[in-house]
Amino acid sequence: MTQILEILISGITQGAVYCVVAVGLSLVYGASRILNFAHGSLYSLGGFLAWYLVADGPGLPLWLAVLLVLPVLALTGIGIERAIIRPLRGSENWKINTIMVTLGLAFIIENGLQLVFGPGTRTIAPFVEGTLSVGGITITWYKLSIFVISLALVGALEFFLSSTRYGQAVRAVSQDMQGANQVGINVNQIFGLTFALSVVLTGIAGILLAPVFLVSPLGGWGPFLKAFVIVVLGGLGSTKGAFVAAFILAVLEAFVIFYIGPSWAMPAWLLMLIIVLMIRPKGLFGVWEN
Amino acid sequence: MTMWSRSIWERNTMLEVEGINALYGDFHVLHDASLSVNKGELVAVVGANGHGKSTLLKAICGLTPVKSGVIRFGGGDTAGLKAPQLVGQGLVYVAEDRRLFPDMTVLENLLLGAYLPAARAAEKHNLNRVFSLYPRLAERRNQLCRSLSGGEAQMVALGRGLMSDPTLLAIDEPSLGLAPNLTETMLQTVSQLNKDGLTVLIVEQSLALLNGMIDRVYSIEEGVLRETDTDNMQEVL
């Protein structure tokens with residue numbers, strides 16, 4: 001019983017971080033219908049920038065490094081939208097074109113990271129050490145902390161989307177772009193905003209997971225693939241769907257890893273995805289349309 | 001004499017469209033279309049489907065690009081401006097297909113009408129106005145728009161337009177998809193808004209629906225716009 005509970009807790013804490021990566025991917029898709037294949041590379045970028053500031057370069061405390069990395073990530077998001085997405089929008093086959101272009105961007109970021117930092121893996125020391133034991137269940141303080149931070153981030157995003165003027169505008173754009181235009185919403189500005197938020201979220205996840213999963217130039221593909229499965233299962237474009245799906249899949253993963261083995265985690269996810277899509281082709285809460 | 005009449009004319013003209021051309025893809029939809037709307041008027045553009053009515057209204061409201069020609073709204077040249085800028089100036093479009101935000105509530109939809117700062121200043125006043133116009137929307141304020149009936153959705157569409165605090169409301173075929181009795185109620189509301197001082201440019205398929213409420217009418221045929229007197233139109237259609 002304790003063991004099952006421990007696996008469950010491990011899954012739930014992991015789910016919260018997956019959620020941060022997936023929600024960012026889903027946010028951009030929801031608003032602009034663009035699937036950003038560079039999302040994982042931007043996750044790595046966040047990890048590398050923080051690692052450089054903390055462990056390699058000036059040796060800053062982690063909180064200060066995060067504070068410095070945040071605006072860089074936000075500007076990166078705005079820059080990507082402005083420089084490579086916007087010119088393609090409205091062109092023929094723009095959905096496929098933007099996928100190809102963001103895939104290209106992923107390669108550029110990865111190779112850029114390899115060029116600057118070298119191909120090896122890096123790590124950032126966890127900001128808290130030690131473990132917490134309650135009733136026979138043990139969890140590291142670090143896992144608990146990133147769980148709380150991740151939930152806070154996702155909660156803040158939900159609050160932003162539901163209760164602020166710009167958040168309402170993001171939802172409006174994702175539900176009806178022309179309608180948004182009609183009420184005076186500057187749609188391009190909202191696309192820029194969603195890209196900024198999305199890159200910030202995935203970059204922070206990259207920093208939070210650096211002590212657990214390490215940072216490497218190609219290390220973003222794993223989280224991207226996971227985020228992608230989560231987002232499709234939850235329903236493309238639905239942040240609520242991404243939230244629910246992240247926890248379902250993370251708990252599933254924890255049990256599969258414990259009882260069958262780590263290499264079965266992804267097959268189990270894909271099996272789950274196929275089953276859900278057979279029953280609900282749009283995913284759990286999808287806005288996808290043809 | 002000329003100067004004098006010109007200044008009078010400028011004061012009363014709210015919208016002036018001169019020889020605009022617009023394309024839909026490669027298809028030339030509007031041919032040198034010209035029209036004007038004076039302050040306080042209710043002007044109609046009537047024509048069959050596919051003759052460019054919607055494109056005309058969308059071009060005026062900055063929702064579809066204009067290839068050539070001049071559009072002046074409130075005195076300034078607005079031909080290159082996009083919808084968000086025009087909404088800020090008081091030129092507001094109500095779409096034939098409603099264009100509501102389906103997964104948001106009635107209230108959220110209405111409040112988004114007052115998204116821009118100018119309209120937000122009048123948000124409370126306009127919301128009260130919309131709710132007194134349509135008490136049913138007040139009752140259903142927390143209902144998602146995807147669950148509304150066609151008539152209610154049209155109420156929200158018009159209400160959201162009013163929330164943008166328009167000086168000119170451009171309404172695209174409000175009868176589309178509505179039962180005849182609902183269409184009549186909708187058009188009576190528009191007429192009442194006009195009598196209360198709102199300038200309206202409306203597009204419809206049938207002049208009969210607009211009987212007695214409009215000041216002037218244009219007919220549109222294959223993208224060519226002509227001002228007609230209402231009696232002649234009756235025969236044309």
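Reply:
**The interface and its salt bridges**

Across the interface of chain B and chain A, the rule finds two salt bridges (a salt bridge is a side-chain nitrogen of Lys or Arg within 4 Å of a carboxyl oxygen of Asp or Glu). Before we go on, please keep in mind that this is a predicted model, where local features need pLDDT of at least 70 and side-chain atom pairs count only at pLDDT 80 or more, while totals for chains, interfaces and linings use all residues. Residues are numbered from 1 along each chain as its sequence is written, chains are lettered from A and ligands numbered from 1 in the order in which they are written, and side-chain values use heavy atoms, leaving out hydrogens and water.

Let's begin with the whole interface. Here 22 residues of chain B are in contact with 19 residues of chain A (contact means heavy atoms within 4.5 Å). Together the two chains bury about 1900 Å², and carbon and sulfur atoms give 54% of that area (buried area is the accessible area, with a 1.4 Å probe, that two parts lose on being put together, summed over both). Of the area that chain B buries against chain A, 35% is supplied by Arg99(B), Phe101(B) and Tyr115(B), more than by any other three residues.

Now for polar contacts. Eight residue pairs, both at pLDDT 80 or more, are in polar contact across this interface (a pair of N or O atoms within 3.5 Å; within protein, one must be able to donate a hydrogen and the other to accept it, and residues adjacent in sequence count only if both atoms are side-chain atoms). On the side of chain B that touches chain A, helix 3 (83-89), strand 6 (91-94), helix 4 (106-113) and helix 5 (117-121) each supply at least two residues (helices, H or I of at least four residues, and strands, E of at least two, are DSSP runs numbered from the N terminus). The residues on that side of chain B divide into 15 nonpolar, one polar and six charged (Ala, Val, Leu, Ile, Met, Phe, Trp, Tyr, Cys and Pro count as nonpolar, Asp, Glu, Lys and Arg as charged, and the others, Gly among them, as polar).

Next, zoom in on Arg99(B).

For another pair, look at Glu227(B) and Arg216(B), whose side chains meet in a salt bridge at 2.9 Å, N to O. Glu227(B) lies in strand 10 of chain B and Arg216(B) in strand 9, so this pair ties together parts that are eleven residues apart in sequence. Glu227(B) is partly exposed at 47% relative accessibility, whereas Arg216(B) is buried at 16%.

Finally, the structure holds 13 salt bridges over all chains. One of these joins Lys53(B) and Glu173(B), at 3.5 Å from N to O. Since Lys53(B) is in helix 2 (residues 53-60) of chain B and Glu173(B) in the loop between strand 7 and helix 9 (180-195), the pair ties together parts 120 residues apart in sequence. Both Lys53(B) and Glu173(B) are buried.

Definitions and conventions:
Buried < 20%, exposed > 50% of the residue type's maximum accessible area, 1.4 Å probe, protein only.
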